[in-house]
Amino acid sequence: MEDDIVLAAPLFAGLDVETSGTLVSAMKQLHLVRGDTLFHEGEPGDRLYVVREGKIKLGRRSNDGRENLLAVLGPGEMFGELSLFDPGPRTATATVVADAEVVELGHADLVRWLQDKPSVAQHLLQALARRLRRTNEALADLVFSDVPGRVAKALLDLSTRFGEKVDEGVRVAHDLTQEELAQLVGASRETVNKALADFAARGWVRREGRAVVLLDVDRLERRAR
Ligand code: CMP
(Lines give C-alpha, C1' and ligand atoms only; values in the text may rest on other atoms or scores of the structure.)
Protein backbone atom coordinates (compact mmCIF):
# COMPACT_ATOMS: atom_id res chain seq x y z
CA MET A 1 0.00 0.00 0.00
CA GLU A 2 1.55 3.27 -1.09
CA ASP A 3 0.79 5.95 1.46
CA ASP A 4 3.02 8.99 1.93
CA ILE A 5 0.98 10.48 4.75
CA VAL A 6 1.02 7.35 6.87
CA LEU A 7 4.71 6.87 6.13
CA ALA A 8 5.40 10.35 7.54
CA ALA A 9 4.46 9.10 11.04
CA PRO A 10 7.31 8.57 13.55
CA LEU A 11 6.68 4.84 13.37
CA PHE A 12 8.35 4.80 9.96
CA ALA A 13 10.93 7.55 10.36
CA GLY A 14 14.38 6.71 9.05
CA LEU A 15 13.29 3.51 7.29
CA ASP A 16 13.63 2.80 3.62
CA VAL A 17 10.45 2.68 1.54
CA GLU A 18 10.49 -1.10 1.16
CA THR A 19 10.83 -1.79 4.88
CA SER A 20 8.13 0.67 5.90
CA GLY A 21 5.90 -0.59 3.08
CA THR A 22 6.09 -4.07 4.63
CA LEU A 23 4.82 -2.76 7.92
CA VAL A 24 2.09 -0.58 6.39
CA SER A 25 0.76 -3.52 4.41
CA ALA A 26 0.49 -5.50 7.65
CA MET A 27 -1.68 -2.78 9.19
CA LYS A 28 -5.45 -2.90 9.11
CA GLN A 29 -7.27 0.03 7.57
CA LEU A 30 -10.40 1.50 9.15
CA HIS A 31 -12.95 3.88 7.62
CA LEU A 32 -14.69 5.99 10.24
CA VAL A 33 -17.34 8.70 10.34
CA ARG A 34 -17.80 11.68 12.67
CA GLY A 35 -18.93 10.53 16.09
CA ASP A 36 -17.38 7.04 15.89
CA THR A 37 -15.37 6.12 18.97
CA LEU A 38 -12.23 4.03 18.54
CA PHE A 39 -11.73 3.39 22.24
CA HIS A 40 -12.70 4.76 25.63
CA GLU A 41 -10.56 6.09 28.44
CA GLY A 42 -10.00 3.32 31.00
CA GLU A 43 -10.30 0.40 28.58
CA PRO A 44 -7.34 -1.92 28.09
CA GLY A 45 -5.44 -1.01 24.92
CA ASP A 46 -3.75 -3.44 22.55
CA ARG A 47 -3.15 -1.41 19.37
CA LEU A 48 -1.96 1.93 18.11
CA TYR A 49 -3.24 3.99 15.24
CA VAL A 50 -1.91 6.32 12.56
CA VAL A 51 -4.27 8.86 10.98
CA ARG A 52 -4.25 8.81 7.22
CA GLU A 53 -7.12 11.22 6.67
CA GLY A 54 -9.60 13.16 8.82
CA LYS A 55 -9.43 14.27 12.45
CA ILE A 56 -9.49 12.43 15.77
CA LYS A 57 -10.03 14.08 19.15
CA LEU A 58 -8.54 12.71 22.34
CA GLY A 59 -10.62 13.60 25.36
CA ARG A 60 -11.04 12.92 29.03
CA ARG A 61 -14.16 13.15 31.15
CA SER A 62 -14.36 14.28 34.78
CA ASN A 63 -16.48 12.48 37.38
CA ASP A 64 -19.17 15.15 37.05
CA GLY A 65 -19.35 14.67 33.26
CA ARG A 66 -17.31 17.63 32.02
CA GLU A 67 -15.01 16.99 29.08
CA ASN A 68 -11.54 18.21 28.26
CA LEU A 69 -9.75 17.70 24.97
CA LEU A 70 -6.05 16.80 25.14
CA ALA A 71 -5.50 17.11 21.42
CA VAL A 72 -7.03 16.99 17.97
CA LEU A 73 -4.89 14.89 15.65
CA GLY A 74 -4.70 14.91 11.88
CA PRO A 75 -3.01 13.10 9.00
CA GLY A 76 0.37 11.53 9.77
CA GLU A 77 -0.14 11.61 13.56
CA MET A 78 -0.11 8.60 15.83
CA PHE A 79 -2.04 7.74 19.00
CA GLY A 80 -2.73 4.80 21.28
CA GLU A 81 0.92 4.10 22.06
CA LEU A 82 0.92 5.03 25.77
CA SER A 83 -0.84 1.88 26.91
CA LEU A 84 1.89 -0.04 25.10
CA PHE A 85 4.91 1.69 26.60
CA ASP A 86 3.28 1.87 30.01
CA PRO A 87 0.92 -1.12 30.06
CA GLY A 88 -2.34 0.01 31.57
CA PRO A 89 -5.68 1.44 30.60
CA ARG A 90 -6.22 3.95 27.79
CA THR A 91 -5.50 7.45 29.04
CA ALA A 92 -8.11 9.13 26.84
CA THR A 93 -11.12 8.46 24.63
CA ALA A 94 -10.51 8.67 20.87
CA THR A 95 -13.46 9.99 18.86
CA VAL A 96 -13.75 10.90 15.18
CA VAL A 97 -14.29 14.63 14.58
CA ALA A 98 -14.14 14.56 10.77
CA ASP A 99 -14.65 11.42 8.66
CA ALA A 100 -11.38 9.56 8.88
CA GLU A 101 -9.23 6.77 7.61
CA VAL A 102 -6.80 5.31 10.12
CA VAL A 103 -4.50 2.32 10.08
CA GLU A 104 -4.00 0.20 13.17
CA LEU A 105 -1.15 -1.95 14.40
CA GLY A 106 -1.41 -4.46 17.23
CA HIS A 107 0.99 -3.87 20.12
CA ALA A 108 2.40 -7.41 19.77
CA ASP A 109 3.34 -6.70 16.13
CA LEU A 110 4.84 -3.37 17.14
CA VAL A 111 7.01 -4.97 19.82
CA ARG A 112 8.35 -7.43 17.25
CA TRP A 113 8.94 -4.54 14.86
CA LEU A 114 10.84 -2.54 17.48
CA GLN A 115 13.06 -5.52 18.28
CA ASP A 116 13.98 -5.82 14.59
CA LYS A 117 14.37 -2.05 14.02
CA PRO A 118 15.70 -0.40 17.18
CA SER A 119 16.12 2.93 15.34
CA VAL A 120 12.34 3.23 15.19
CA ALA A 121 12.22 3.29 18.99
CA GLN A 122 14.35 6.43 18.95
CA HIS A 123 11.85 8.20 16.69
CA LEU A 124 8.96 7.08 18.85
CA LEU A 125 10.74 8.45 21.92
CA GLN A 126 11.24 11.72 20.11
CA ALA A 127 7.51 11.86 19.27
CA LEU A 128 6.66 11.19 22.93
CA ALA A 129 9.09 13.87 24.09
CA ARG A 130 7.54 16.38 21.69
CA ARG A 131 4.11 15.52 23.05
CA LEU A 132 5.34 16.02 26.61
CA ARG A 133 6.75 19.44 25.71
CA ARG A 134 3.42 20.41 24.19
CA THR A 135 1.52 19.14 27.22
CA ASN A 136 3.82 21.07 29.58
CA GLU A 137 3.17 24.19 27.60
CA ALA A 138 -0.59 23.64 27.68
CA LEU A 139 -0.39 23.09 31.44
CA ALA A 140 1.56 26.31 31.95
CA ASP A 141 -0.93 28.18 29.74
CA LEU A 142 -3.81 26.90 31.86
CA VAL A 143 -2.13 28.39 34.91
CA PHE A 144 -0.55 31.55 33.48
CA SER A 145 -2.55 32.61 30.40
CA ASP A 146 -6.03 34.11 30.15
CA VAL A 147 -8.74 32.55 28.00
CA PRO A 148 -8.25 34.85 24.95
CA GLY A 149 -4.53 34.03 25.01
CA ARG A 150 -5.34 30.31 25.08
CA VAL A 151 -7.90 30.69 22.29
CA ALA A 152 -5.32 32.48 20.12
CA LYS A 153 -2.81 29.73 20.82
CA ALA A 154 -5.31 26.95 20.06
CA LEU A 155 -6.19 28.56 16.72
CA LEU A 156 -2.51 28.89 15.78
CA ASP A 157 -1.85 25.30 16.83
CA LEU A 158 -4.82 24.04 14.80
CA SER A 159 -3.57 26.09 11.84
CA THR A 160 -0.24 24.23 11.82
CA ARG A 161 -2.17 20.98 11.36
CA PHE A 162 -5.23 21.95 9.37
CA GLY A 163 -4.46 25.41 7.98
CA GLU A 164 -4.66 26.17 4.30
CA LYS A 165 -3.29 29.39 2.78
CA VAL A 166 -5.95 31.60 1.21
CA ASP A 167 -5.74 35.17 -0.17
CA GLU A 168 -6.81 36.76 3.13
CA GLY A 169 -4.66 34.63 5.42
CA VAL A 170 -4.98 31.05 6.67
CA ARG A 171 -8.22 29.09 6.64
CA VAL A 172 -8.43 26.53 9.42
CA ALA A 173 -11.16 23.94 8.90
CA HIS A 174 -11.01 22.53 12.43
CA ASP A 175 -14.41 20.76 12.25
CA LEU A 176 -14.94 21.36 15.97
CA THR A 177 -18.21 22.54 17.46
CA GLN A 178 -18.09 25.58 19.76
CA GLU A 179 -18.35 23.18 22.68
CA GLU A 180 -15.39 21.11 21.45
CA LEU A 181 -13.28 24.20 20.85
CA ALA A 182 -14.05 25.29 24.41
CA GLN A 183 -13.05 21.83 25.70
CA LEU A 184 -9.75 22.13 23.85
CA VAL A 185 -9.06 25.53 25.39
CA GLY A 186 -10.19 24.41 28.84
CA ALA A 187 -12.80 27.14 29.37
CA SER A 188 -16.56 27.60 29.12
CA ARG A 189 -18.22 27.90 25.73
CA GLU A 190 -19.40 31.42 26.62
CA THR A 191 -15.91 32.70 27.48
CA VAL A 192 -14.38 31.16 24.37
CA ASN A 193 -17.16 32.62 22.22
CA LYS A 194 -16.58 36.03 23.72
CA ALA A 195 -12.87 35.84 22.91
CA LEU A 196 -13.60 34.76 19.33
CA ALA A 197 -16.17 37.54 18.89
CA ASP A 198 -13.60 40.04 20.18
CA PHE A 199 -10.93 38.73 17.74
CA ALA A 200 -13.48 38.99 14.92
CA ALA A 201 -14.40 42.57 15.89
CA ARG A 202 -10.71 43.51 15.79
CA GLY A 203 -10.39 41.98 12.32
CA TRP A 204 -7.98 39.24 13.44
CA VAL A 205 -10.25 36.32 12.46
CA ARG A 206 -13.43 35.54 10.58
CA ARG A 207 -15.64 32.71 11.71
CA GLU A 208 -17.16 30.35 9.19
CA GLY A 209 -19.13 27.59 10.97
CA ARG A 210 -16.66 24.87 11.87
CA ALA A 211 -13.78 26.79 10.32
CA VAL A 212 -12.04 30.05 11.07
CA VAL A 213 -9.98 32.26 8.79
CA LEU A 214 -6.93 33.76 10.51
CA LEU A 215 -6.70 37.25 9.01
CA ASP A 216 -3.92 38.63 11.22
CA VAL A 217 -1.56 35.88 12.35
CA ASP A 218 0.96 38.37 13.84
CA ARG A 219 -1.60 39.83 16.24
CA LEU A 220 -2.80 36.38 17.22
CA GLU A 221 0.77 35.29 17.90
CA ARG A 222 1.33 38.33 20.09
CA ARG A 223 -1.93 37.67 21.95
CA ALA A 224 -0.91 34.02 22.45
CA ARG A 225 2.36 34.91 24.18
P1 CMP B 1 -3.32 5.51 25.04
O2 CMP B 1 -3.26 5.88 26.48
O3 CMP B 1 -3.04 4.12 24.65
O4 CMP B 1 -4.78 5.94 24.48
C5 CMP B 1 -5.09 7.33 24.48
C6 CMP B 1 -4.06 8.03 23.64
O7 CMP B 1 -4.17 9.43 23.58
C8 CMP B 1 -2.67 7.85 24.26
O9 CMP B 1 -2.32 6.48 24.21
C10 CMP B 1 -1.87 8.82 23.44
O11 CMP B 1 -1.55 8.28 22.19
C12 CMP B 1 -2.88 9.94 23.28
N13 CMP B 1 -2.61 11.03 24.25
C14 CMP B 1 -2.68 10.96 25.59
N15 CMP B 1 -2.35 12.14 26.15
C16 CMP B 1 -2.06 12.99 25.13
C17 CMP B 1 -1.65 14.34 25.04
N18 CMP B 1 -1.48 15.08 26.15
N19 CMP B 1 -1.43 14.87 23.83
C20 CMP B 1 -1.61 14.13 22.71
N21 CMP B 1 -2.00 12.84 22.73
C22 CMP B 1 -2.23 12.27 23.91
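**View 1. The largest nonpolar core of this predicted model has 28 residues.** The residues with the most contacts inside this core are Val151, Leu155, Leu158, Phe199, Val205, Leu214 and Leu220. Two or more residues each come from strand E4, helix H6, strand E8 (169–172), helix H7, helix H8, strand E10 (211–214) and helix H9 (217–224). Helix H6 gives the most, with 8 residues. Domain 1 (6–142) and domain 2 (147–224) both contribute residues, so the core lies between them. In soluble globular proteins, nonpolar side chains tend to be buried together.

**View 2. Leu220 and its contacts beyond the neighbours within four places in sequence.**

**View 3. A second core is separate and has 19 residues.** Among them are Phe12 and Leu15. Val50 and Val103 also belong to this second core.

**View 4. Helix H7 (residues 178–185) is largely enclosed by the rest of the structure.** Why is H7 described as largely enclosed? Because 6 of its 8 residues are buried. The buried residues are Glu180, Leu181, Ala182, Gln183, Leu184 and Val185.

**View 5. The packing partners of the buried residues of H7 are strands and helices.** The strands are E3 (47–61) and E4 (67–73). The helices are H5 (118–144), H6 (147–162) and H8 (189–201).

**View 6. Gly186 follows helix H7.** The phi of Gly186 is positive, near 80°.

How values were computed: Residues are numbered from 1 along each chain as its sequence is written. This is a predicted model: local features need pLDDT of at least 70, side-chain atom pairs count only at pLDDT 80 or more; totals for chains, interfaces and linings use all residues. Side-chain values use heavy atoms; hydrogens and water are left out. Buried means under 20% relative accessible area, exposed over 50%, partly exposed in between (1.4 Å probe, protein chains only). Helices (H or I, at least four residues) and strands (E, at least two) are DSSP runs, numbered from the N terminus. Contact means heavy atoms within 4.5 Å. A nonpolar core is a set of buried Ala, Val, Leu, Ile, Met, Phe, Trp, Tyr and Cys residues joined through side-chain atoms within 4.5 Å. Domain bounds come from an automatic or database domain assignment.
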